Amino acid sequence: MAKSKKNQNALKKNNQKGKPKGANVPKKVSKNGKPGKVVKKEKPTAVTKSGKGSATNKEETKKDTKKMSVEDFFAGGFDSSDSDDDLDKELEAMEKVEDDAVEDDSDNDEEDDKVEDLVMSEASEDDQQKSDSDDQESEVKEKELELDESDNDDDNDSEDQSESDEESDDDDNEVGDDSTNKLNKDIKRHKEELEQLKKQDPEFYNYLQKEENALLEFDESEKEDEDEDDEDIELNSEDLEEMDLDEQSDSEEELDDDESGLEVLTKTMLNEWIQEVESTHSVNAMKKLLVAFKSAARMSDEEKMEGVSLVYRIVSPNVFNQLVVATMRNAPIVFNKVFKCAHGNKSPAAGTRWQYHQGMVKLYLSNLIHLMTGLTDSDMLYVAVREAEKCSAYWTCYEKYAKDYMKILLNLWSNYTSSDNVRIQSFLAIRSLAIAPVPKATKQPNYLDMALKNIYLTFVRNCKNTNAHTLPAINLMRNLAVELYGIDQELSYKQAFVYIRQLAVTLRNAMQTKTKESYTSVYNWQFIHCIDFWSNVLAANCQDESSELRPLIYPLAQVALGTIKLVPDAQYYPLRFHVLRSMTTLGVATKVFIPLAPYMFELFESPLLSKTAKRSTLKPLEWDTHLRTPQNYLRGRVFQDGVLEQLYECILNYYKGYFYHIAYPEMVIPGIVAIKRFLKKSKPSKQTKKLHDLASKLDIKSKYILTQRATIDFSPTDQEDVKKFIEEMRQKLL
């Protein structure tokens, strides 16, 4: 106990002395309680002069100084910033622990030797003092006290010196040739100290076995690994800024040295190739561009890269964009110059140069398919489809590529996520591919037949779900596809006949079986959109009486009217109005009379309009996106007003197409009578007022035609005179 008090007094004096910043925590003891070399291991992370210390370590040190336990003492000591009273309390608490714990707190080799000699001398002196008198024992203790104080002073000086030496060594990267030998000496000395500790203080040794067993199971290989890890951490913390600045260049070097050995395409190389191609239309420079284009097109096909050889690797996104755009823009120009097929209806495969340069074309087309499949950006897709359209004559030279190309175009044309400009450009590319010249070796004359069939089937598949969001896209698809059927009416007739007949067969089966499933096969969006599609096709291409598609008007009208009569319930009034609008468009455009008036006027006699409707707070029904009326709308005021409004529009559009006809007064009589009869039974409202105005308007037009017809001197059998009269009325009234 006397010896322990001496060491504690010495520590107290040392802490009260003014020390340089960073020396508050004793350096002789490490966090894990290891003596000797352990301090050197943790030294790089505790340096504060070089500015590498972290704020986290400072906060932990402040927290540790608030409460001092045995483990905290061995983990870093105490801070000199605390008051002397707190320090005394901590020292008094430490007296309850083993007396000789301070003996293990050594920082360097010189201090360890002095403490070891001191302990051995004290042991020998204690043996000799047993036979001496009490006076001699007290004198020896006084000498020992003086010796301890002088030793502690020397220790402080040596500690300060060692700290400055270690800091300078850290700045100069102290890892050198002598580090290994010094480490081995420290390990050996540490083992010897542990053996002495076991003999001198078995209780403290047992405490270390229970609480800090890792300190006793010391291994040289582990020590070396830990030192290496610490050096790596220290290096990373010091060179972090340099690594961040050189990260991009290092990554490029790693790409150069990867297993594939691919060369990184630089902007300088690309600019040289592009300049050469644009100035001289060089085939060799174009081939270099195509080889690099292959790498760009297959960047998204990493899973399918087996058996594919690449030459370049593209790292920069700017280089990627420039390469793709330049290749697609210059490829058609170079191909047309090489094969001399910029103008004319001949296939490039018919030229003499085809067999020498067809590999270049095949390479471009195959990679362009991969690129278009992986692109997601709308602007880039538009550019790709636009430039691919310029190579329509080359697509037809490879049947497999032409089919894959058409699939991609159909997908872009029918995809709801595609922008309108991409969809329109995709259709233009389909149209160009359909009329492009085909090599003589190909069995089919062109790809129009395949285009007509696939564009109709694609339309049917994508119009199944119709709502407010998809309806504009469906209308755009229908309007674009109608144009394709006007290229070759003979071929279009074959396609239209097959599909209109298919609609008729489906309707006949539904009328014969009369089951819920058969009704559902007709009363769905696909069937109604098909009627609308073919009515638009015939309306656009049958205005001339000599059109080859004109014979299909009658069967289509029969299918449409049969669809209306299949289930004439009020619940399917929205479907009825869809079909009536389609047939009205067909009759007005083709000048063919289709008897639609009876299917309109019979609604005036329906129970829905003859009975008083219930009041309702529902929103108006969206007729364009419904085929079947929701149950909560039936017998409501909102639905009744909606039916009357739809009737007004259908009757007006139907008779508007015959305002100029010589037989208009006779045609309009049933309509005027039906409207006036309904108005007599109905209560005045906004919709009945509109119907009353409609009847007046029809009557006025009828009287005008009668006055004009009273001046003619030919009979109804004189068809030429009748046509002249109709044309004169058309110019006056429309």
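User: Is Asp-699 buried, partly exposed or exposed, what does its relative accessibility say?
Analyst: Asp-699 counts as partly exposed, at 26% relative accessibility; buried means under 20% relative accessible area, exposed over 50%, partly exposed in between (1.4 Å probe, protein chains only). This is a predicted model, where local features need pLDDT of at least 70, side-chain atom pairs count only at pLDDT 80 or more, and totals for chains, interfaces and linings use all residues. Residues are numbered from 1 along each chain as its sequence is written, and side-chain values use heavy atoms, without hydrogens and water.

User: Which residue forms a salt bridge with Asp-699?
Analyst: Lys-703, with the closest N and O atoms 3.6 Å apart. A salt bridge here is a side-chain nitrogen of Lys or Arg within 4 Å of a carboxyl oxygen of Asp or Glu. Both residues sit in helix α33 (residues 686-709), four residues apart, so about one helical turn separates them. Helices are DSSP runs (H or I, at least four residues), numbered from the N terminus.

User: What about Arg-478, which residue does its side chain meet in a salt bridge?
Analyst: Asp-532, at 3.6 Å, N to O. That pair links distant parts of the chain, 54 residues apart: Arg-478 is in helix α23 (residues 471-484) and Asp-532 in helix α26 (residues 525-541). Arg-478 is buried at 8% relative accessible area, and Asp-532 is buried at 17%.

Methods:
Helix = DSSP H or I, 4+ residues; strand = E, 2+ residues; numbered from the N terminus.
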